[in-house]
Amino acid sequence: MWHSLAAFILKRRFTLLALLLAITVYMGIEASKVTLSYDFTSAIPTNNPKYQEYKSFLNKFGEDGNVMVVGVQTDAFFNPSFFKAYNTLVRSLEKSAAVENVFSVPSAINLYKDTTTNTLQSIRLVTTDSVEDVARIAATFLNLPFYKGFLYNPTTHTYLMALTLNKERINSKERSAIVAGITTLVDSFSAQQHIAVHYSGLPYIRTITADRVQDEMRLFLILSLVLTATILIVFFRSFVAVAISMLVVGIGVIWSVGTIHLCGYHISILTALIPPLIVVIGIPNCVYFLNKYHTSYQTTANKHQSLLQMVDKMGIVTLFTNLTAAIGFGVFFFTKSAILKEFGLVAGINILAIFFISLIIIPVLLSFVAPPNPKHTNYLESPRMQKMLDILTVWVFHHRKMIYAITTALCLVAVAGIVQLKNVGYIVDDLPKNDPLYLDLKFFETNFKGVMPLEIVVDTKRKNGAISLDMMQKMDELVTELQQMPEIGHALCITEGIKFAKQAYYDGDSSNYAVPSMFDAAFLQPYLKTKKSDTATSGKASIFQKLVQSFVDSTKQQTRISISMADVGSARLPILLDSIKPLTYAIFDSTKYKLTFTGTSVVFLEGTTFIINSLRDSLILSFIMIFACMIMLFRSWRILLISVTVNIVPLMLTAGIMGWLGIAIKPSTVLVFSVALGITIDVTIRFLVNFKQELATHDEDIAMTVRRTIQDTGLSIIYTSLILIVGFGVFALSHFQGTQSLGYLTSLTLFLAMITNLTLQPAMLLWMEKVLKKKQAKKDFVSTGLHE
């Protein structure tokens, strides 16, 4: 079949090239339309209870992750020149189209009692661009406990500015320009005042992360192409071989990006890895084909016959190596996580596509160029490589027990490391500890106990129950308890607004910043009511009505407590939530109130846990599917046992090293195992297919066939493994520690797999020969006995 296919490809080469060109042009057009993804909730399925609770919260109260914060630390904040410049900055930011509100010291409001209309009126601390009496403004502001711990920390002299951004625009392709516009204004202020500024908040973190993903995709693609081209030059010493290989993977990259858009997906932190992965996985196809072409030509000296033999012998090998690699990635499609589904589908399709691209491009283009000269095939007789293969052969035939002993000892050490593995992740998990993004987040955690949102929704199960006096007292009690926890920062709820209103009712006396008593409530209530006629006349809602709209639903049955907390990580967060819930239920009787814990922090935790579990399940499915392919290919349980052992050992060793080095289990590190399995099995297939093909030519002599297979495949296995190791090693240059881990852990696994495939695998094949000889001897003995 493969011989006929090779003949067809060479006969129809012009038609096939034209077809490939047309598809590539179309895919290039689609690739030009691809955009970045800004959706973080796609990690979990839409039917997940935590996700549904979060969406229900958003529908009632609005977005919780569209606030960007800017912080400064200075004891000269209320110095007239500094404060005036800060006020100018606030005014400039308020004019930005995507900024809906700037909550800061100059734009903070004060409440006062209007006895004429029996309402509470609000006024900005700074009403104009010019600032006259900074001392008076400072005295007024510092007398408002509502803002303490929220807009400023008096102990550390730290001041915060919160920018509420338009959620549609900040989740669009405008995101980078919006954030850049804000930071340009703030950085200009920073330079003028010679003061450091700090940025954080989910919109900022996500934007910087998305921009880095885009930049790194380009960097990794360029580096992977350059490094693999360099290795190919060293290997083949042929410009033609390198050019053909680069063309194959170049077409594969275009197809992969085009597939992302055709599927309706966007570039995420995972799908951004696919183009460089296609380069890394596609190059071994080229090495296998070219190596076989050169060895055949060296034997036959006939270009056409060598091309036919190349496809005939290597077609089945590259098909199954690409198939198993596609399975290793494609199993992610069967998870319920949208981001993993996207990655798995696009990667799986394009890994198979790169097989068909290489199957057509390589023999067709080689048919147009001159046959290889001796300089291009010298690598086949490299003294250094031959010496290395001879050493491997000696070890396999004369030190098998040592190979088994070393493997067993390393596996035992690995098991000890595996039991030390911990499961933990952070919202800014992948950032190095010296990254400005990480340092700024820690700045806000130190001075304001964090900016990550946690929401507690209280359903009173009755209309208007959320604004009852009893409810106010319970919420205030809970907030007081929560703020005793070191990870919990400022908490904002309707109670804080009521306390602010009571202070205003008593002419701004800060000692009255407290939940009203029944006596206070009787006098204060008229000032909190909103007359529909007043709203209709003025066209504006009162300050209390705005607070009600933000923190209470339309029936006033449900209310929210919005908490800022530190990025404590996925290991600490469940413990923290478990300590918060008993406090909450002790105050709010579960028979009378329904409590929901949600927000970005909870969704992140659920997403991290869900992805890790999905990756674990996909790894199991990958094992089953890949080894089912091995059974189909070799139809031998002994071969299956050998291939399973040879590929599990590198994965075990990598997991053990992770445990000993304290590398945590998280989505990026779990991903290593499915990816590595799909690729390392390729080397096993390359060795075993050659073994199977050569076995018949050596009269079923396993020892001779093993010796010949090491010599025939060792060179290409070493070079393809080197290319894969270097290709994945490129990811170690990432800004993200998760991507770095994917890079060096996968490279480590591939290196270990290369060693096990060239030592443990042939040693176990010799063990198989020993077993078969014993079995045959037994049969012969029985047969002889019966004959006698």
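Thr-596 lies in strand 11 (residues 594–598). Strands here are DSSP runs of E of at least two residues, and helices are runs of H or I of at least four, both numbered from the N terminus. The model is predicted, so local features need pLDDT of at least 70 and side-chain atom pairs count only at pLDDT 80 or more, while totals for chains, interfaces and linings use all residues. Residues are numbered from 1 along each chain as its sequence is written, and side-chain values use heavy atoms, with hydrogens and water left out.

Thr-596 is buried, at a relative accessible area of 16%. Buried denotes under 20% relative accessible area, exposed over 50%, and partly exposed the range in between (1.4 Å probe, protein chains only). Beyond its neighbours within four places in sequence, Thr-596 is in contact with Glu-53, Glu-455, Ile-456 and Val-457. Contact requires heavy atoms within 4.5 Å. Glu-53 is 543 residues from Thr-596 in sequence.

Strand 1 (residues 67–73) has five of its seven residues buried, so the rest of the structure largely encloses it. Two strands are taken to pair if DSSP finds at least two bridges between them. Strand 1 runs antiparallel to strand 6 (residues 158–165), and seven bridges join them. Val-70 has Met-161 of strand 6 as its bridge partner. Strand 1 also pairs with strand 7 (residues 197–200), again in the antiparallel sense, over four bridges. In that pairing, Gly-71 stands opposite His-198 of strand 7.

Helix 14 (residues 383–398) contains 16 residues. Its expected span is 1.5 Å times one less than the number of residues. This gives 22 Å, which agrees with the 22 Å between its end C-alpha atoms. Met-385, Leu-389, Leu-392, Thr-393, Val-396 and Phe-397 are the buried residues of helix 14. They cover an arc of only 125° around the axis and therefore lie on the same side of helix 14. The arc is taken over the directions from the helix axis to the C-beta atoms. An α-helix has 3.6 residues a turn, so residues three or four places apart point the same way. The face turned away from the buried side of helix 14 carries the exposed residues Pro-383, Arg-384, Lys-387 and His-398.

The cysteines were also examined. A disulfide is counted as a pair of cysteine sulfur atoms within 2.5 Å. By this rule there are zero disulfides. Cys-286 is buried at 1% relative accessibility. Cys-263, at 30%, is partly exposed.
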